[in-house]
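Colleague: I have some words to ask about before I use them. Please take them in turn and show how each one is reached.

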Amino acid sequence: MFFRRSPPAAAAPPSDQELLARYRMRGDVADLGELFDRHLPMVFATCRRYLAPPDEDAQDASMQLFEYLVGALQKHAPDNFPAWLHATARNHCLMQLRARQRAGPSAGPLLISLPDAADVELAAARHLPDAAAADEAAAITETTLQALEHALAQLPEGQRRCLELFFLENKSYHEVAGALGLDLGQVKSHLQNGKRTLRRLLTDHPAPAAVPAHAPRR
């Protein structure tokens with residue numbers, strides 16, 4: 001009696017760590033591309049959140065981040081790649097926003113327009129020795145973002161949503177009012193009170209100067 005041999009089971013796709021190790025060993029950008037593609041939706045969503053529409057800005061930032069990874073991952077092997085990539089994407093976006101801020105005033109995303117967000121980062125940087133400041137800048141930006149997000153989470157829902165829609169998603173007063181079912185007076189009140197409260201929270205609880213041990217370096 002002859003038995004039909006079952007076809008071999010499809011090989012499981014390599015894990016993130018396997019792809020990372022393969023890239024570091026062989027330097028094949030195709031391996032890095034496969035790894036990056038897995039997490040591209042998260043990267044794009046992160047960039048879009050901080051850079052706001054138009055989506056071309058988020059797309060450009062995503063591609064710039066991939067170019068950065070080509071060199072960075074030859075020098076650094078994060079233990080938790082998704083978490084590291086998310087933090088690195090956020091750091092990249094904050095640096096983009098700071099560059100815009102230095103270029104001149106403009107109606108921009110949340111981290112530029114909300115009060116004292118950049119000051120939190122600069123205050124943390126002043127606690128670092130000059131020799132360490134450059135190496136630890138990326139970790140400071142991550143700490144800054146965490147402080148800002150923590151402060152936003154403490155705002156009343158109406159204030160937080162108005163701030164996010166108006167500054168982060170670049171909505172007009174009328175669009176915010178329509179999205180939240182508020183009148184224009186309520187929207188303007190929430191924005192004014194929310195910015196005041198956010199300024200107080202960031203002043204009372206500035207970002208600490210502590211730097212994670214495995215912070216990515218630029």
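What follows is a set of questions on the terms used for this predicted model, each with its reasoning.

Colleague: How many helices and strands does the protein chain have?

Modeller: The protein chain has ten helices and zero strands. From the N terminus on, the elements therefore read α-α-α-α-α-α-α-α-α-α.

Colleague: Why is serine 62 called buried?

Modeller: Its relative accessibility is 2%, and buried means under 20%. The value is under the cut-off, so serine 62 counts as buried. Serine 62 sits in helix α3, residues 55–75. Leaving out residues up to four places away in sequence, serine 62 touches Phe36, Leu40, Val43, Phe44 and Cys47.

Colleague: And what makes threonine 46 buried?

Modeller: Threonine 46 has 7% relative accessibility, and the limit for buried is under 20%, so threonine 46 counts as buried. Threonine 46 belongs to helix α2, residues 29–51. Its contacts, not counting residues up to four places away in sequence, are His86, Ala89, Arg90 and Cys93.

Colleague: Which backbone atom does the side chain of threonine 46 reach, and how do you know that this is a polar contact?

Modeller: The side chain reaches the backbone oxygen of methionine 42 at 2.9 Å. A polar contact needs a pair of N or O atoms within 3.5 Å, one able to donate a hydrogen and the other to accept it.

Colleague: How much of the protein chain is buried?

Modeller: Of the 218 residues in the protein chain, 39% are buried.

Colleague: What makes a set of residues a nonpolar core, and which residues have the most contacts inside the largest one?

Modeller: The members must be buried, of the listed nonpolar kinds, and joined through side-chain atoms within 4.5 Å. The largest nonpolar core has 24 residues, and those with the most contacts inside it are Leu32, Phe36, Leu65, Leu69, Leu73 and Leu85. The elements that give two or more residues to this core are α1 (16–26), α2, α3 and α4 (81–103). α3 gives the most, with eight residues. Apart from this core lies another, of 16 residues, among them Leu152, Leu155, Ala177 and Val187. In soluble globular proteins, nonpolar side chains tend to be buried together.

Colleague: What does leucine 32 touch?

Modeller: Not counting residues up to four places away in sequence, leucine 32 touches Tyr23, Phe66, Leu69, Val70 and Leu73.

Colleague: Why are α1 and α2 called roughly antiparallel?

Modeller: The two helices pack at an angle of about 150°, with their axes 8 Å apart. Angles over 145 degrees count as roughly antiparallel, so α1 is roughly antiparallel to α2. Their crossing is left-handed. Residues of α1 that meet α2 include Leu19, Leu20 and Tyr23, and those on the α2 side include Leu32, Leu35 and His39.

Colleague: Why is α2 called oblique to α3?

Modeller: α2 and α3 pack at an angle of about 140°, and their axes are 8 Å apart. Roughly antiparallel needs over 145 degrees and roughly perpendicular covers 65 to 115, so α2 is oblique to α3. The crossing of α2 and α3 is right-handed. Among the residues in contact are Phe36, Val43 and Cys47 of α2, and Ser62, Leu65 and Phe66 of α3.

Colleague: And what makes α1 roughly perpendicular to α3?

Modeller: Their axes come within 9 Å and cross at roughly 90°. That angle falls in the range 65 to 115, so α1 is roughly perpendicular to α3. Leu20, Tyr23 and Arg24 in α1 meet Leu69, Val70, Leu73, Gln74 and Lys75 in α3.

Colleague: Last, why is leucine 191 called buried?

Modeller: Leucine 191 has 6% relative accessibility, which is under 20%, so leucine 191 counts as buried. Leucine 191 lies in helix α10, residues 184–204. Leaving aside neighbours within four places in sequence, leucine 191 is in contact with Cys162, Leu163, Phe166, Phe167 and Tyr173. Leucine 191 and arginine 161 are 30 residues apart in sequence and 9.3 Å apart in space, C-alpha to C-alpha.

Technical notes:
Residues are numbered from 1 along each chain as its sequence is written. This is a predicted model: local features need pLDDT of at least 70, side-chain atom pairs count only at pLDDT 80 or more; totals for chains, interfaces and linings use all residues. Side-chain values use heavy atoms; hydrogens and water are left out. Helices (H or I, at least four residues) and strands (E, at least two) are DSSP runs, numbered from the N terminus. Buried means under 20% relative accessible area, exposed over 50%, partly exposed in between (1.4 Å probe, protein chains only). Contact means heavy atoms within 4.5 Å. Axes are lines fitted to C-alpha atoms, for helices over the stretch in contact, and angles run from 0 to 180 degrees between N-to-C directions. Angles under 35 degrees count as roughly parallel, over 145 as roughly antiparallel, 65 to 115 as roughly perpendicular and the rest as oblique. A crossing is left-handed if the near helix is turned anticlockwise from the far one by less than a right angle, and right-handed if clockwise.
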